[in-house]
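Student: I'm new to this one and don't want the whole tour. Please pick a single part and give me a close look at it.

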Amino acid sequence: MAAGGLSRSERKAAERVRRLREEQQRERLRQVSRILRKAAAERSAEEGRLLAESEDLVRELQGRSRRREGLKRRQEEVCDDPEELRRKVRELASAIRNAKYLVVYTGAGISTLRTVDRL
């Protein structure tokens with residue numbers, strides 16, 4: 001055994017304990033995630049107890065879900081009706097005409113939708 005350190009067998013045992021804890025945490029995450037997918041009325045008393053005991057985990061999973069939904073909404077393509085599109089183009093043209101300086105940043109997706117033929 002090294003001076004002041006753990007023996008090889010002690011290190012291996014500590015690593016096994018750490019891995020077991022991590023696996024237990026992952027399993028609890030899976031359980032809570034499955035329960036949260038159910039409607040509240042369909043949850044058993046035991047599932048309700050598990051959710052109550054795992055408040056931090058529930059908040060984390062709900063936050064992940066909100067972020068995922070927000071990302072999905074941002075990726076949705078918006079198609080304005082022709083009149084709304086004309087209004088927006090006029091507003092943009094006016095802003096460009098009245099601008100002292102103009103900087104345009106473009107990126108991926110700038111040409112994915114072809115809606116303006118003639119305005």
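Tutor: Buried residues, those under 20% relative accessible area with a 1.4 Å probe and protein chains only, make up 12% of the 119 residues in the protein chain. Keep in mind that this is a predicted model, where local features need pLDDT of at least 70, side-chain atom pairs count only at pLDDT 80 or more, and totals for chains, interfaces and linings use all residues. Residues are numbered from 1 along each chain as its sequence is written, and side-chain values use heavy atoms, leaving out hydrogens and water.

The protein chain has four helices (DSSP runs of H or I, at least four residues) and zero strands (E, at least two), so along the sequence you read α-α-α-α. Let's zoom in on helix H2, which spans residues 45-53. An α-helix has 3.6 residues a turn, so residues three or four places apart point the same way.

What do the buried residues of H2 pack against? Their partners are helix H1 (8-37) and helix H3 (55-75), with contact meaning heavy atoms within 4.5 Å.

For a contrast, hop over to helix H4, residues 82-98, where you'll find Ile-96.

Zooming back out, the protein chain exposes about 10,800 Å², and carbon and sulfur atoms supply 51% of that. Among its contacts between residues at least 6 apart in sequence, 47% join residues at least 24 apart.

Note on methods
Buried means under 20% relative accessible area, exposed over 50%, partly exposed in between (1.4 Å probe, protein chains only). Accessible areas come from the Shrake-Rupley method with a 1.4 Å probe; for residues, only the protein chains shown count as cover.
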